[in-house]
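This note collects points for a colleague who is reading the structure alongside its sequence.

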Amino acid sequence: MIERIYIPTVKRATNQISYNNLPDELKKRVVMVIDPNEKDLYSYDCEYLCIPDEIVGTWTQLSETRKFIHKHAGAIKYAVIDDDVILKKRNQKYFSDGVSDMEKSKREATPEEILRMYDMIDQWLDEDTIGIAGLSDPGIPPGSERYIDTVNLFTYVFYDGRMISKIIDDMDITSTRIAEDIIFMFEALSRGVNSRKSIEFMYDNR
């Protein structure tokens, strides 16, 4: 099971798009990762985790926050998602084994489809080499298969902490201010942790 869904967020106490669009069952697993100076502004029915004071306002706050989340998660399966995402689903007609299941090429995913997506990715993370999984960008044309391996992932990413927790201390993921997702992926791939991207399900942060 994807045990936790971490949502790092700053200055959006009243505008949690990702959280609001999750099924109620998944909202129970959310951990909002917040600036300690904003802790009194949030009132969502979920767990909260304040980032350490020593990284607040630093040049590498974003990448340090990501590492803090990975360390906090430990050896569980978890997601780290941006706070402004709507989940979408592609028409199955694009895939070699699929038939049309909607009128359009894509649409917002239903709660039932989101739950199915979480179950699917949970199973992927039980495979021997897949330690990172995620979703595609709606602006990229679909391929003929439902997923592809060994790719970069952004915005809505799942991790197998059983793999990541063993290598996180050796990964150089906080030496840059931007593109921390790309650096993380290279660090993981170079240590034998592979990635998988769903083409059927997409994130849309507009």
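1. The residues that line the largest cavity divide into three nonpolar, two polar and four charged. In this classification Ala, Val, Leu, Ile, Met, Phe, Trp, Tyr, Cys and Pro are nonpolar, Asp, Glu, Lys and Arg are charged, and the others, Gly among them, are polar. A cavity is a set of points on a 1 Å grid over the protein atoms alone where a 1.4 Å probe fits but cannot get out; a pocket is an open set with protein on both sides within 12 Å along at least five of seven lines, and lining residues have an atom within 4 Å of a point.

2. The model is predicted: local features need pLDDT of at least 70 and side-chain atom pairs count only at pLDDT 80 or more, while totals for chains, interfaces and linings use all residues. Residues are numbered from 1 along each chain as its sequence is written, and side-chain values use heavy atoms, with hydrogens and water left out.

3. The largest cavity holds about 70 Å³ of space, where a volume is the space filled by probe spheres set on grid points joined across faces, edges and corners. Its lining consists of Ser-63, Arg-66, Lys-67, His-70, Tyr-159, Ile-173, Glu-180, Asp-181 and Phe-184. Helix α3 (residues 61-73) gives the largest share of this lining, four residues. Both α3 and α6 (180-189) supply at least two residues each. Helices here are DSSP runs of H or I with at least four residues, strands are runs of E with at least two, and both are numbered from the N terminus.

4. How many cavities of 30 Å³ or more does a search of the whole structure find? There are two. By class, the lining of the second largest cavity has five nonpolar residues, no polar residue and one charged residue.

5. The largest pocket contains about 240 Å³ of space. It is lined by 14 residues, of which Pro-8, Thr-9, Val-10, Leu-62 and Thr-65 are the closest to its centre. Strand β2 (30-34) and helix α3 each contribute at least two lining residues, and the largest share, four residues, is from α3. The lining of the largest pocket comprises six nonpolar, three polar and five charged residues.

6. Is Thr-65 buried or exposed? Thr-65 counts as buried because its relative accessibility is 7%; buried means under 20% relative accessible area, exposed over 50%, and partly exposed in between (1.4 Å probe, protein chains only). A polar atom of the Thr-65 side chain lies 2.7 Å from the backbone oxygen of Gln-61. Apart from neighbours within four places in sequence, Thr-65 is in contact (heavy atoms within 4.5 Å) with Pro-8, Val-33, Ile-51 and Ile-55.

7. Two of those contact partners, Pro-8 and Val-33, also stand opposite each other, with Val-33 in β2. Strand β1 (residues 4-8) is mostly covered, with four of its five residues buried. Four bridges join β1 to β2, and the two run parallel; strands pair if DSSP finds at least two bridges between them. β1 also pairs in the parallel sense with strand β4 (residues 77-81) over three bridges. Within that pairing, Tyr-6 has Val-80 in β4 as its bridge partner.

8. Lys-89 belongs to strand β5 (residues 86-90) and is buried, with a relative accessible area of 1%. Its side chain makes a polar contact of 2.6 Å with the side chain of Asp-101. Such a contact is a pair of N or O atoms within 3.5 Å; within protein, one must be able to donate a hydrogen and the other to accept it, and residues adjacent in sequence count only if both atoms are side-chain atoms. Beyond neighbours within four places in sequence, the residues in contact with Lys-89 include Glu-113, Arg-116 and Glu-200.

9. Two backbone angles may be checked. Lys-11 is not a glycine but has a positive phi of about 60°; Lys-11 lies in the loop between β1 and α1 (17-20) and is exposed, at 71% relative accessible area. Thr-150 likewise has a positive phi, near 60°, and is found in the loop between β8 (147-149) and β9. Thr-150 counts as partly exposed, at 48% relative accessibility.
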